[in-house]
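Please have the viewer open while I talk.

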Amino acid sequence: MENLKQSPKNNVFYMIVLLPVLFVLGLYGYIGSFNRLLGDSLCSYYYAERLGLLRSIWFWRNIWSGRYSAYGFDWLTTKLFPPQNIPFFIPVALIIWAAVNTWAIFLILKSRSEKTNNFPAALLLGSVSVFITLAASPFIQQSFFWIDGFRAYTLPVILLAVYLIPYFLLFHKINSKPKAAAAVFLSFLLFLASGGLSETFAAFQFALLVFWIGYYWIIERPAKIDNTLLLLFGGLIGSLLAILVIFTAPGNAVRQSFFPPPPNLFDLISISLTGYGSFIYEIISTPEKITALLAGILAAAWAGSLFNGRLDSHGRKIFLQIAGALLLSFSCFPPGVYGYSEPPPDRVLIIATFILTALLMSAAFWTGNLLRQHIQKIAMAQGLLFLITAIFLLSSAWMNAGILYNSRMVYIEYAQEWDRADAIIKAAKVEGKEVITIQATPNWAGMDQLNDNPNHWVNECYSSFYGIQVFGQR
């Protein structure tokens, strides 16, 4: 097994641990196919279609929130996924997410070793990173399956991987000042765009770029401001502008009126630390979550032990990445506490889970490679590490697959009820009725339901979307 990295048999070992992960991702896609428009999504669709791209952004900015990119994505979604195609939204998004992560990791590995076939390792790590983020996140019903939650909290972490692709493909072509200026401007625009998806992500990506600038400075020790630092500073300015645009929206005052005043600094930090502690405790105390996280760490360490590229400064990188995983995942909490005066909703924490997963897996990869360089009997160590990795991935896949499969009927039955109500409302409108009352059915995302109050926001969303007054009965 010493030359496993160069042997075609290596692909067999990768597939052994990859197949159960792909199976679970397939179950996520299957359940996502029963997705429907619910809650805020009905209003998002209505105003995006009625007002168009720019007017809908301006409308929401004045009455609710400054999330300009989120409302722009609503408009794009109406063009790509009309209501009848919503069942395809999550499966397509899942495929794109896994593909983007795989491509980004492949380019990272290729930058360190062009002669080695890095695709199997990239496919494994890209798929596992998506699996762990979903498996370890709290309440993915709102952060992933629900479309409005997806575009605010899952979409931005996908975009971070997307940004890595042009960096590794085009960075070597920045060989003049005009090209450097264009690249910096592009970095500025990209982070300005992603920062407009949610308040939490805007603050998080600013913290991420500050961390990465410090990380690059410590690890690479550049003698001057080079192109990488210029790109990072361009992104940092874009992130800062995104924060200013979001937090100066007039609609924030309307939204904030539903919550207590922001806490003072001491209470903000105290509540954030308490919430972060609960977040970490839930992961380590929930068998399917901690097993998934450990499986991802082990898979990354095993892949690192097989990697034969140009790697150095292992100790500093491992330490900084573990520290970054903890600090950056914590950075998701203060913005939410500021807005809610309590720990942020669970749907927000997929961002924290993502960065915790990404940096711990990266640190594990470097650790595995460090072991490769210092252990004499590396073949035996690789074999043992593979065995442990396979056990954890299979166990994690089995547990999470069981949970997903057992919950499928909740999604299937709600989709059937939604389709039935959709047909009743449309038929009533065709018949010329002005009012229709339907059965209010609890949904899997925990969103508010229809009732008999014409001013209730859910009723207003349904009524605007269908063009007929809709009430609910229980």
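The count comes to 35 aromatic pairs, where rings of Phe, Tyr and Trp (for Trp, its six-membered ring) pair if their centres lie within 6.5 Å, with planes under 30 degrees apart called stacked, over 60 edge-to-face and the rest tilted. Before I go further, this is a predicted model, in which local features need pLDDT of at least 70 and side-chain atom pairs count only at pLDDT 80 or more, while totals for chains, interfaces and linings use all residues. Residues are numbered from 1 along each chain as its sequence is written, and side-chain values use heavy atoms, with hydrogens and water left out.

Take Trp60 and Tyr71, whose ring centres are 5.5 Å apart with the planes at 15°, so this pair is stacked. Trp60 belongs to helix 2 and Tyr71 to helix 3 (residues 68–80), so the pair ties together parts that are eleven residues apart in sequence; helices here are DSSP runs of H or I with at least four residues, and strands are runs of E with at least two, numbered from the N terminus. Trp60 and Tyr71 are both buried, meaning under 20% relative accessible area, whereas exposed is over 50% and partly exposed lies in between, with a 1.4 Å probe and protein chains only.

What about Tyr276 and Phe333: is that pair stacked or edge-to-face? Their centres are 5.5 Å apart and their planes stand at 85°, so the pair is edge-to-face. Tyr276 is buried, as is Phe333.

Ring pairs also build a cluster, whose members include Phe73, Trp97, Phe144 and Trp444.

Turning to a charge over a ring, Arg408 lies over the face of Tyr405, 3.7 Å from the ring centre, the criterion being NZ of Lys or CZ of Arg within 6 Å of the centre and within 35 degrees of the ring normal. Tyr405 sits in helix 17 (residues 378–430) and, at 44% relative accessibility, counts as partly exposed.

Finally, strand 1 (residues 435–439) pairs with strand 2 (residues 469–473) in the parallel sense over five bridges, pairing requiring at least two DSSP bridges.
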